[in-house]
Amino acid sequence: MGSTVTQLQMIPLSFYIIFCTALFTIGVVGVLAKRNALAIFMSVELMLNSANLLLAAFSAYRNDPSGQVFVFFIMVVAAAEVAIGLALLVVVYRSSRTIDINILNRLKW
Amino acid sequence: MQFISLLLLLFPLFGFLVIGLFSRQINKKYAGVVASGVVFVNLILTSILFWFVTTTNQTVETDLFDWIKFANISIPFALTVDRLSALMLFVVNGVGFLIHVYSIGYMKGDDGENRFFSYMNLFIFFMLILVLSSNYLMLFIGWEGVGLCSYLLIGFWYKDHLNNNAAKKAFIMNRIGDLGFLIGIFMIFHTFGTLNISEVATKASIMPSGCTALLIITLGLFSGAIGKSAQIPLFTWLPDAMAGPTPVSALIHAATMVTAGVYLVARSSVLFVLSPVTMNLILVIGMFTALISGLIAIYQNDIKKILAYSTISQLGFMFMALGLGSFSGAMFHLTTHAFFKALLFLAAGSVMHALNQEQDIRKMGGLRKKIPFTFALFAIGAIAISGIPPFAGFFSKEMILSVAYEHGMGMGIIATFISLLTTVYMFRLLFVAFYKPESDAVKANHSVHESPLVMLIPMAVLALLSMAAGFVQTPALFSSNNLFEDYLSPIFVSAHQLVPASGQNLSVLTEWLTLLIPLTIIAILIYISYMRFAKERVIAELSGIQKVMANKFYFDEIYNFCIVKPIEKLSLFFRETVDQGIINRLINSIGSGTLYIGGRVRLLQTGNVGFYLIIMAFSIIAILFFNLIR
């Protein structure tokens, strides 16, 4: 444990933050710009994982393992969310033969 | 005895419930028999009570249960049979029984026969409550109840809208008077702390004459009497009430219900004698009512309308007697009037029965030979009501006239004039309908027939009563037979003690003159109207004042213009402007405003998921940014 922490701490914290921000921004842009529902899902996962990484980094730097515990929780929640989301996507695909999210505007009004 | 007075109420109620609830099951043949039987039992019970009250000189007090009881208010459901109510019991049950029997024949074949008889029994029930009640509140219940039955029976043939309107008119005009009655009752409770009639009388007898509380009370009670007894200004409902079946007109609108006002004033005699202003008002209103309706009756052409105006006129005459302080005179005229007016109405019904419900006397004529029994009975009624000796009307009118002459010569002459009007319109009716050569309508009608016995016999009994009932009270001139006055004197003794009769006694000569001159005039009037109406004549155009009389002094038109139309305008204003214009528009604008806003806002919901996400992302950024700069 101690060696991993010291290895992690060799990289400055600001690098982690910049990297995670970049990942998160890519995720947000992907969610907003993509029309393919599957790609949006992937972007959402990207955002989640950027947050996870940041949590792990802070946890290492502060010598506080609870941050890493959180990461596991988030992974479980993300897995559950993906299971439901993919199931929804399958249903949408079955009914409309496409996973373009613009097709969903049929639901308006 | 107490049980009997209770039975008196239960029998008609029983009759009403049985006939009313099982009206579909009961054969029409039996409804009338049941209803009449119930009233006949009542008549027997009344005789027992009458015998008891007269011989033992007691009043029968029946305290059934506490009806209203809270705080210091206690109003029992209690009945009182004294001499006055025993007399009224006789009138209600006696005349009521005869009219029930008559109705069996008259209503035969009508669709609503069962309904009719159930209403009639209900009427008897409420009338008995009115007569027997020992407090003013129960009297009011009976008062309203008979009003309800009057409404139901005027509008009995409800398929014709005119009848419904007449029923509503009667109900509403009664309501106006009843408002005053209710105020009077409240005022009685406020002043005396009790509603028991005899207690009120005892407590009132020590109050000073003419005090304000008594004035308000008596004015209130009298306004109820004005409505119920069809006096000016609330009399216009009674002629319209003739829309009901004729037995109803005879029972309710001639013999019993409309005399309830007279009964009320006589019941409260102590209160009224202590309020001279009200007494004078009663006198004046009675006088004008008797005069005006007597004049109107002369130019009417509807047989029932003539009798209706005649009833109003006679009621006005009774109120004159009350105003003059002769309570027993009023009650005497009430009793005899019940007999001969019921007889006249039943005879008129018999005429209509013979002529397919024809009511216009101009389309009659020559009926003397076609329906001789009806003619004879009608003539007896006409003679009795005109005050020709020795029939009943003569004695009762003479009693009132002598009081009027004692009050003053002018008053006497006015009263005589009013009673002479009776002769004019009754004999005009008699000659036009029965003597005049047959009209075309009668000639064309081959089914003119005498009424069945079931109708003729009650009329014959009433005719006997109209002939004989007067002898219980003969004028002082002939003998000292004061049976009627003595009978009622215990009731009015306290009233007469408080305010002794002020009139001076007349000399024997004036009494003879006041008796003989009117009789001579009556004879002349009959001769004139025979010459004028019994022969074939072209009906002269009405001119000037005659037209005004024929149009009932335009009372209905004036009321229409002064009261009905403004209220209608006001209602229209409230409906169109206030309700539709303001309230409705306010409510509607809330609805339409919400719809408008919704219409705009829903455009935001494009259904485009990308758009939603952008909104979400920028909103989060905005919130974070906002938190940052705060």
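Arg175(B) is partly exposed, because 13 other C-beta atoms lie within 10 Å. On this scale a residue is buried if 20 or more other C-beta atoms lie within 10 Å of its own, exposed if 12 or fewer, and partly exposed in between, with C-beta atoms placed from the backbone. Arg175(B) belongs to helix α6 of chain B.

The model is predicted: local features need pLDDT of at least 70, side-chain atom pairs count only at pLDDT 80 or more, and totals for chains, interfaces and linings use all residues. Residues are numbered from 1 along each chain as its sequence is written, while chains are lettered from A and ligands numbered from 1 in the order in which they are written.

**Helices α6 and α8 of chain B**

Helices and strands here are DSSP runs, numbered from the N terminus (helices H or I, at least four residues; strands E, at least two). The axes of α6(B) (residues 161-192) and α8(B) (residues 212-228) come within 7 Å and cross at roughly 155°. The two helices are therefore roughly antiparallel, a term for angles over 145 degrees. Axes are lines fitted to C-alpha atoms, for helices over the stretch in contact, and angles run from 0 to 180 degrees between N-to-C directions. Residues of α6(B) in the contact include Met173(B), Gly177(B), Phe181(B) and Met187(B), and those of α8(B) include Ala213(B), Ile217(B), Leu221(B) and Lys228(B). Two residues are in contact if their C-beta atoms, placed from the backbone, lie within 7 Å. By class, this contact has eleven nonpolar, nine polar and two charged residues. Ala, Val, Leu, Ile, Met, Phe, Trp, Tyr, Cys and Pro count as nonpolar, Asp, Glu, Lys and Arg as charged, and the others, Gly among them, as polar.

Helix α10(B) (residues 246-255) is largely enclosed by the rest of the structure, because ten of its ten residues are buried. Among them are Thr246(B), Val248(B), Leu251(B) and His253(B). The elements that cover these buried residues include α3 (83-106), α5 (136-154) and α14 (303-323) of chain B.

Phe288(B) sits in helix α13 (residues 276-298) of chain B. This residue counts as partly exposed, because it has 15 C-beta neighbours inside 10 Å.

| Property | Chain A | Chain B |
|---|---|---|
| Secondary structure | four helices, zero strands | 26 helices, two strands |
| C-alpha trace span along principal axes | about 55 × 25 × 25 Å | about 120 × 65 × 55 Å |
| Buried residues | 10% of 109 residues | 49% of 630 residues |

Read along the sequence, chain A follows the pattern α-α-α-α. The radius of gyration of chain A is 18 Å, whereas a compact globule of 109 residues would have one near 13 Å. That radius is taken over C-alpha atoms, and the globule rule is 2.2 Å times the number of residues to the power 0.38. Among contacts in chain A between residues at least 6 apart in sequence, 47% join residues at least 24 apart. In chain B, 80% of contacts between residues at least 6 apart in sequence join residues at least 24 apart.

The contact between the chains takes twelve residues from chain A and ten residues from chain B. The chain B side has four nonpolar, five polar and one charged residues.

Notes
Angles under 35 degrees count as roughly parallel, over 145 as roughly antiparallel, 65 to 115 as roughly perpendicular and the rest as oblique.
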